[in-house]
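Please look through the structure shown here with this short briefing at hand.

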Amino acid sequence: MSKNIVGKHAEYKKLESNILQISQEAKAQKKKYPDVIDATVGMLHHENMDVFKFQVVDEILKSLSDEETYNYAPVRGKKTFTEGVLNWVFDENAPMIKNDFKYSIIPTTGGSGAISNTFYNFNDFGQKILIPGYYWSPYKNFALEANVDLETYPMYDESNRFNIKGFKEKAFALAKEQGRLCTLLNDPSNNPTGLCMKKEDWKEVIKVLNEISDTGVPVILIHDIAYIDYQLKETKLSREIFSTYKDLNEDILTVVVFSGSKSFSMYGFRVGAQIGISKSQEVIDHFTRVGDYSVRGRFSSVSQPGMSLIDKIFNSEEYKNRFKEELVEANKLLEDRAKLFKEVAELQKLEILPYSGGFFISMKTDNKNIFEDLKKEHVFVIPMQGIIRVAISSLPLKDIPELVKILKKHV
Ligand SMILES: Cc1ncc(COP(=O)(O)O)c(C=O)c1O
């Protein structure tokens, strides 16, 4: 009897090496042993290991009215919030998006809610979503939960650049096999590698998508921009890649995934959005129809205080400017850590994957037992697809030289 307590479709479910679980373990060990190095979780921390909270966020949070805090939020969010998301994400490219495309913005429970809804609604059960071979492991959970799976291609070419050839081959094969192509790219500041694709790479990706779309196959591009505000660049420059969208074919649906967790260090608030854009009104009508339904059917609506707060930043020049100033400080923390990590790694001859921005640096490993080996040395990092991921977002400068030495010993 108890054997069947779980539905057949859910029998496979068991979270393996879950990032948040490993992080809890690291925290518990750190309490016991102060020399523990915990580079597990993608939350930005100061050098003293306090979470990096934006002062302006904290101030607004404490000033929210009861209505802005306690009421249910509308399923679609307020227009000031959704338009604010669009303007924030696209910045100088926002007028082009508004002019050349139809769009619809659906608030979700973090970027995670946006990705899982998109996986669910824009594939047939049993189909595969195309992603690079190094990826944020929850994509697999979102996929299986949506009755679909992932298909990968090697992320880098021989020159350690984004592997456009590998992408193209798999994209054409999958489109032919399935009569659909749904592909996800996490760029810029990729998790787990720190890769930032060049504008030319994006042009090539869009060329491939257009060629496939020309054959009449539905094409869905999911662009996960969770770490766009941490590319160690000015806002204007980190958004340059969006100008390549201009060439997208009429019928392609692009879903840009916004994460309030990362952009505003509001990890626990669970605010994000799916930004659907297409040159076809019909495509956007479908996007809105199924998106609204899934929000209601899965999590009802999104955190009211979280959205009220972000809304205020988007719609006040003063708050926005203060936020941008603090963002420079946040990026400086990452920049200093990345610089030191690269320097020490070079000295120790520890090869890392090319890093250009974001919360993580990764390196390849053949050691199948790496997690346990490092744990014995009081080091916690996240093992992924043949690599280990170091969260420099939560790694103080003082720990870097020792960490690199230990990593070099075990990779
Ligand atoms: C690559 C990537 N995408 C999306 C997310 C979504 O985060 P959230 O659901 O907290 O917005 C994360 C969080 O770690 C991430 O690393």
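The points below are grouped by topic, and they describe a predicted model. As background, strands of a sheet pair through backbone hydrogen bonds, and this pairing can be either parallel or antiparallel.

**The sheet of 7 strands**

- An open sheet is formed by 7 strands, which follow one another in the order β2-β8-β7-β6-β5-β3-β4, and the pairing within this sheet is mixed.
- At its edges lie β2 (102-108) and β4 (149-153), each of which pairs on one side only.
- From one strand to the next, the twist averages 20°.
- Within this sheet, strand β5 (residues 181-186) pairs with strand β6 (residues 219-224) in the parallel sense over 6 bridges, and Leu 181 stands opposite Val 219 in β6.

**The sheet of 3 strands**

- Another open sheet has 3 strands in the order β9-β12-β11, and here the pairing is antiparallel.
- The edge strands of this sheet are β9 (360-364) and β11 (382-383), and each of them pairs on one side only.
- Strand β9 is joined to strand β12 (residues 387-391) by 5 bridges, with the two running antiparallel, and the bridge partner of Ile 361 in β12 is Val 390.

**The surroundings of the ligand**

- The ligand is surrounded by 13 residues, of which the closest are Gly 110, Gly 111, Ser 112, Ser 259 and Ser 261.
- Helix α6 (residues 110-121) supplies the largest share of this shell, namely 3 residues.
- Sorted by class, the shell around the ligand holds 9 polar, 3 nonpolar and 1 charged residues.

Conventions. Residues numbered from 1 in each chain as written. Predicted model: local features only at pLDDT ≥ 70, side-chain atom pairs only at ≥ 80, totals over all residues. Pairing = 2+ DSSP bridges. Helix = DSSP H or I, 4+ residues; strand = E, 2+ residues; numbered from the N terminus. Axes fitted to C-alpha atoms, helices over the stretch in contact; angles between N-to-C directions. Near = placed C-beta within 6 Å. Nonpolar A, V, L, I, M, F, W, Y, C, P; charged D, E, K, R; others polar.
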